[in-house]
Amino acid sequence: MENKMQEFPEPNYNVHAFYYVWYGNPQFDGKYVHWDHPLLPHWDPKVASGYPTGRHQPPDDIGANFYPALGPYSSKDPSVLEEHMRQLRTAAVGVLAVSWYPHSMNDDNGEEIDNLLPLVLDAADKYQLKVVFHIEPYKGRDDANMRENIKYIVERYGNHPAFYRYKTSTGKFLPLYYIYDSYLQTPDVWAQLLKPNGISTVRDTPYDGIFIALLVDERHKKDILTAGFDGLYTYFATNGFTYGSSHHNWRSIKTFCDYNNLVFIPSVGPGYIDTSIRPWNSQNTRNRINGKYYETSFNAAVDARPQIISITSFNEWHEGTQIEKAIPKTWGKTVYLDYLPHKPTAYLEITQKWARKFSDEQKKWLE
């Protein structure tokens, strides 16, 4: 296996890709899951009435504007997991950030995913990749059940060789957790988990970690500090959509993080289009410009000198942020977007180039 790995570039463990395991198909799951995504109505009924409703009908009609090279796959399919790890290695990504709901919970359109984690960890380990948890805003999330869930993750997965640990400035190795939509809970709730004197504190316990909050609005900066988070990320692949996802703010956000001893993890993406599931949302579409959008995004991130860069996403097909291989496809009147004139691997190759550049730049900063 070792010499098999020679064909891949060196993995950069400071490059993390958001990874989704919520897809299913009849062969592995008895039905399509997520590929049959509903068309979501606009919140204003007057606007909503002007747009189609219903669900997609795979395999030809899927809830995405691009079409995967692997077809509408199942996240449970071992050959799919294997191919994903190969693609991530091709891209020189070192860490996958798996979208996670607690045991026996799931998102609105999916099934339970925690039971897939052992498969993902094993597949990642085979390819020398690491895994972190991207904790979704599950129903009832608060400090007490977050502590239980962190304890569950550490006790169940913490000894797996693919479980990622971040080396802190004090030389400790701690698990890292991305907390999606962290602003949904107030800073005083998070402080109970994240401040040393909090009622549910994880600090200086076996469940301590590096907790990364989602920065959306500028006002969230002080909330993230008050809450006791260790860092922040920006998630959205739409430049200009939010304060946090606007490239021109990244340098000043990094200054804020440095001053407050926070880890800054900007999120870069290849583009954005979700009109197959939110037909009314075209103002947030960001054209890929044949890879230029992605390069600009990476350039802005490296320029801010962050500790880690995250990628939105490896395979969030519904929002068209994927770097996974896509192929041209036409079905009836539907013409899917594709990566032409480039190859299906175009975005993996751009990622590899920038992962190396980021690694080279980081070495220079640390000299």
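A: Axes are lines fitted to C-alpha atoms, for helices over the stretch in contact, and angles run from 0 to 180 degrees between N-to-C directions. Helices (H or I, at least four residues) are DSSP runs, numbered from the N terminus. This is a predicted model, in which local features need pLDDT of at least 70 and side-chain atom pairs count only at pLDDT 80 or more. Residues are numbered from 1 along each chain as its sequence is written, and side-chain values use heavy atoms, without hydrogens and water.

Q: At what angle do α3 and α4 cross?

A: Helix α3 (residues 78-90) and helix α4 (residues 117-126) cross at roughly 45°, and their axes come within 9 Å. Angles under 35 degrees count as roughly parallel, over 145 as roughly antiparallel, 65 to 115 as roughly perpendicular and the rest as oblique. That makes α3 oblique to α4.

Q: Which residues of α3 and α4 meet?

A: Contact means heavy atoms within 4.5 Å. In α3, L81, E82 and M85 meet L119, V120, A123, A124 and K126 of α4. Six residues of this contact of α3 with α4 are nonpolar, none is polar and two are charged.

Q: How do α5 and α6 pack?

A: Helix α5 (residues 143-157) packs against helix α6 (residues 187-194) at an angle of about 40°, with the axes 8 Å apart. α5 and α6 are therefore oblique to each other. On the α5 side, D143, M146 and R147 make the contact, and on the α6 side V189, W190, Q192 and L193.

Methods
Helices (H or I, at least four residues) and strands (E, at least two) are DSSP runs, numbered from the N terminus. Ala, Val, Leu, Ile, Met, Phe, Trp, Tyr, Cys and Pro count as nonpolar, Asp, Glu, Lys and Arg as charged, and the others, Gly among them, as polar.
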